[in-house]
Amino acid sequence: MKKLTLDDLRALRNSKKKAMSQRDGEAKSGEVVIGMGTCGIAAGAKSVFDAFLDEMEKLEITNIVIKQTGCMGLCFSEPTVEVATENMPHVVYGNVDEETARRIVRDHLTGTALVSDHIFDKPSMDIIEKGGK
Amino acid sequence: MAYKNYILVCAGTACESNKGKALYDALEKEITEAGIETEVQLVKTGCFGFCGEGPIVKILPEENFYVKVGPKDAKEIINEQIIKGRTIKRLLYKEPGKDSPSDDIGFYHKQFRIVLRNCAVINPEIIDEYIARDGYGALEKALFDMTPDDVLEEIKASGLRGRGGAGFPTGTKWGFSKAVEADQKYVVCNADEGDPGAYMDRSVLEGDPHTVLEAMAIAGYTIGASKGYIYIRAEYPLAIDRLNLAIKQAKEYGLLGDEILGTDFSFDIELRLGAGAFVCGEETALLASIEGKRGMPVPRPPFPAVKGLWGKPTVINNVETWANIPVVLLKGSKWFSNIGTATSKGTKVFALTGKINNTGLIEVPMGTTLREIIYDIGGGIDSGKPFKAAQTGGPSGGCITPEFLDTPIDYESLHAIGSMMGSGGMIVMDEDDCMIDVTKFYLEFTVDESCGKCAPCRIGGRSCYNILDRISKGQGEPEDVQKLKDIGQAMRKASLCGLGQTASNPVMSTLKYFEEEYRAHIEDKVCPAGKCKEMLTYTINDKCIGCTACARVCPVNCIDGEVKKPHTIDQKECIKCGQCFSTCKFNAIDKG
């Protein structure tokens, strides 16, 4: 192993920080919850999950956490994805494919726009509690 | 690509000794079988602190916190939680008195983690993870942006005090060493943790070894030392392994060794293993032990900061103190000094044990009250009986009684009520605990560990122990109380080192708050808590239905009687083990 210089150490820290960002205890300001029940997985939720991770990594979005959950009961519109971020409406997207996932990251997660053609519902807070629990 | 899930598995000594390793292996196997190695990262971490409920597994990003997880649960965790995203309710922690389990655990609410910041987050065996959490950032800052004087000023301004027990200001200590001109200086880490029931230092070294290495290098830079030693007891094999690995990794990266990060500062660290003598936690004895001599203290001054290892200026700090240093430099002295009380800054780690629901390792800001620690974090007394006392400071400390439950805990306030901060052991007791019994236990410990060099400690300790032993056997005499006080006072004034000076503290403290209990033992020949065996008698009353359960468990066969007829205990043969008392389902055995 080559000994590190100051620049090496800083570069190493930055690259590892990214890899650990999903794991550190710092507060996240929003979350994406992907329905990964049997219906969701059959409809392609796994590749949607990958698309989210990949696109968020590209755009260096680290303040949003991606979680998976069971079936929401909306099996006909799987894969479903619930997005709850600060300063944006709380939205459930239906029929999300990889391309839609990337659009959600680019538009919704950056706080610029909703992906209107895939909105399934904007639930009121008393139906689905914040955090999708 | 980033992982979808992270499974953090505690690999501290407490969890590892409870099948934690088998659990880790089982999870690894299940992950491989499910073919999801690229989606889930299995991480071995340091101590979560919730040791009474171990082994602990935490799932991220869901933040599900599973307790008492066994190897047989691995399959369900992978199949249900990881693949299907379902929380496994039966593995969540259920707080006493609450209906349903949850991830929201009161144990963590009032905690504030500085020292334990990386424990249970990073894998202590991978240096990159430490670096990702700003590790070696403080060393970098010191070497490139600060002069040794700047660092010293920052440490002084933070108000950080030694966490080993006495609470000496760390910056002042470093200043003494820095001021001395010498061709060689040393930096030493005191990891000779020996108080019964205390394991704060072990957990830091196991869970975050690099933080200690980084802090020692910073001290080396500040005072002008190029060599460091970590004195650790051989009874901590896991901590030793992880330290050795950490030193190797840091050297490979050039974060220890010659010309660190390309500067002209060089610093090297070696381990020295102690054989587990309590007195070697005393700094002069520790240094003697590192030098290869018998671990015996020498009078101070001169203090080690001026004349220490091989006669050279030596900064010696406790593990927990070291773990604070990188944070002080990174976040600044101002941030640090805002935490805590007027005279005690920062946080303190306690090993919470005894009659408490949540035993474990906790870190709270200085100034937290005992009530918050016992009831909010510790979840209250596990037996449901009233709180009697908390013992802090181990064999050198004393008791905190119910009237002081709301005293904010810091160095001064604990001293004022006759106890001390100590290194952080905290044993909670209820009314079933006999204070004479507890005091005797600590005295036995210090008598055993006394090095024997000075008479007050060697003879005084033994005399105190003999008196306590007599009292606990119902042979106490009225003048014993005064005798204990006199001997205790003499030990305090005349002993050579901290061990002897404080060995009588448990006696003095219990005499102060529980003199009644001493009198009951001496005058009435009763032990109110029912602990002192010699004063107990077990008798069978008329509720006995003759089930023979007691006769069957009696190890000395001293219980006689026919089936379905009341039994009797032969008092001459009885060894007062209490087995019959705890076995009887009919309250037919009286203890008193």
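This is a predicted model: local features need pLDDT of at least 70, side-chain atom pairs count only at pLDDT 80 or more; totals for chains, interfaces and linings use all residues.
This briefing describes selected features of chains A and B, grouped by topic.

Residues are numbered from 1 along each chain as its sequence is written, while chains are lettered from A and ligands numbered from 1 in the order in which they are written. Helices (H or I, at least four residues) and strands (E, at least two) are DSSP runs numbered from the N terminus.

- Chain A contains 4 helices and 5 strands, and its elements follow the order α-β-α-α-β-β-β-α-β from the N terminus on.
- Of the 133 residues in chain A, 32% are buried, where a buried residue has 20 or more other C-beta atoms within 10 Å of its own, an exposed one has 12 or fewer, a partly exposed one falls in between, and C-beta atoms are placed from the backbone.
- Among the contacts in chain A with a separation of 6 or more, 69% join residues 24 or more positions apart; two residues are in contact if their C-beta atoms, placed from the backbone, lie within 7 Å.
- Between the chains, 29 residues of chain A are in contact with 24 residues of chain B.
- The side of chain A that touches chain B receives at least two residues from each of helix H1 (6–20), helix H3 (45–58) and strand S2 (64–69) of chain A, and H1(A) gives the most, with 8 residues.
- By class, that side of chain A has 12 nonpolar, 7 polar and 10 charged residues, with Ala, Val, Leu, Ile, Met, Phe, Trp, Tyr, Cys and Pro counted as nonpolar, Asp, Glu, Lys and Arg as charged, and the others, Gly among them, as polar.

**Helix packing in chain B**

- Helix H8 (residues 200–207) and helix H10 (residues 237–252) of chain B pack at an angle of about 35°, with their axes 8 Å apart; axes are lines fitted to C-alpha atoms, for helices over the stretch in contact, and angles run from 0 to 180 degrees between N-to-C directions.
- The crossing of H8(B) and H10(B) is left-handed, a term used if the near helix is turned anticlockwise from the far one by less than a right angle, clockwise being right-handed.
- H8(B) contributes Arg202(B), Leu205(B) and Glu206(B) to this contact, and H10(B) contributes Leu238(B), Ala239(B), Arg242(B) and Leu243(B), which by class gives 4 nonpolar, no polar and 3 charged residues.
- Because 8 of the 8 residues of H8(B) are buried, this helix is largely enclosed by the rest of the structure.

**The open sheet of chain B**

- An open sheet of 5 strands in chain B has the order S10-S9-S13-S11-S12, with mixed pairing, where two strands pair if DSSP finds at least two bridges between them.
- Strand S10 (360–365) and strand S12 (398–400) of chain B stand at the edges, each with a single partner strand, so one side of each lacks a neighbour in the sheet; the twist averages 35° from one strand to the next.
- Strand S9 (residues 347–354) and strand S13 (residues 425–430) of chain B pair in the parallel sense over 4 bridges, and Ala351(B) stands opposite Gly425(B) in S13(B).
- Strand S11 (residues 387–392) of chain B has 6 of its 6 residues buried, so S11(B) is largely enclosed by the rest of the structure.
- S11(B) pairs in the antiparallel sense with S13(B) over 5 bridges and with S12(B), also antiparallel, over 3 bridges.
- Thr392(B) has Met426(B) as its bridge partner in S13(B) and stands opposite Gly398(B) in S12(B).
- The hairpin of S11(B) and S12(B) has 5 residues between the strands, and in this hairpin Gly393(B) takes a positive phi near 80°.
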